[in-house]
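Thanks for coming, everyone. Please look at the screen while I talk.

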Amino acid sequence: MGSIKKEIVVEAPVDDVWAIIRDFGQGPIRMAPGYVTECRLDGPGVRVATFANGTVLRERLVALDEAEHRFVYSIVGDSVTPVHNNASMQVFPHDNGSRFVWIHDVLPDELAVAFGVGMDEGLRVFKKTVEGAVTAES
């Protein structure tokens, strides 16, 4: 199984970062505006996210743990249809900001490379967006 783990430090409070991640309906757009162009709910616990490159992912909410600041989801179809997929996002306190950990497990293994590239770009936009909002509020 392909497994990708990405971590970044974000100069923003844990609660601010978690508020974006935990937002099942609009979190992807809030996390990476422009990289994610649309996100809509499609029934209980399912969302459809559209990316700037045309990729469309149907994602199912697996778990939302408020106490642990942990969100778990699975890609269940649309333009990418893995045999197996499980991903988690978790926010931890870090110095005066947050440490964001994103883990993605996928079959077939070959999808891991493309997922890793997408995660890198999403995290780049996320860090810029969140830190820009914190700077603007100061």
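Start with the largest nonpolar core, which has 34 residues. A nonpolar core here is a set of buried Ala, Val, Leu, Ile, Met, Phe, Trp, Tyr and Cys residues joined through side-chain atoms within 4.5 Å. Buried means under 20% relative accessible area, exposed means over 50%, and partly exposed lies in between, using a 1.4 Å probe and protein chains only. Val17, Ile21, Met31, Met89, Phe100, Trp102 and Phe126 touch the most other members. At least two residues each come from β1, α1, β2, β3 (46-51), β5, β6, β7 and α3 (111-137). The largest share, seven residues, is from α3. Helices (H or I, at least four residues) and strands (E, at least two) are DSSP runs, numbered from the N terminus. In soluble globular proteins, nonpolar side chains tend to be buried together.

A word on the source: this is a predicted model, where local features need pLDDT of at least 70, side-chain atom pairs count only at pLDDT 80 or more, and totals for chains, interfaces and linings use all residues. Residues are numbered from 1 along each chain as its sequence is written, and side-chain values use heavy atoms, with hydrogens and water left out.

Now the sheet. It is open, has seven strands, and runs β1-β7-β6-β5-β4-β3-β2 with antiparallel pairing. Two strands pair if DSSP finds at least two bridges between them. Which strands stand at the edges? They are β1 (2-10) and β2 (36-41); each has a single partner strand, so one side of each lacks a neighbour in the sheet.

Take β1. Nine bridges join it to β7 (residues 97-107). Glycine 2 has valine 106 as its bridge partner in β7. Serine 3 is also in β1. Is serine 3 buried or exposed? It is exposed, with a relative accessible area of 51%. Its side chain makes a polar contact of 2.6 Å with that of aspartate 105. A polar contact is a pair of N or O atoms within 3.5 Å; within protein, one must be able to donate a hydrogen and the other to accept it, and residues adjacent in sequence count only if both atoms are side-chain atoms.

Last, β3. Six of its six residues are buried, so β3 is largely enclosed by the rest of the structure. Val46, Val48 and Thr50 point one way; Arg47, Ala49 and Phe51 point the other. Five bridges pair β3 with β2, and arginine 40 stands opposite valine 48. Another five join β3 to β4.
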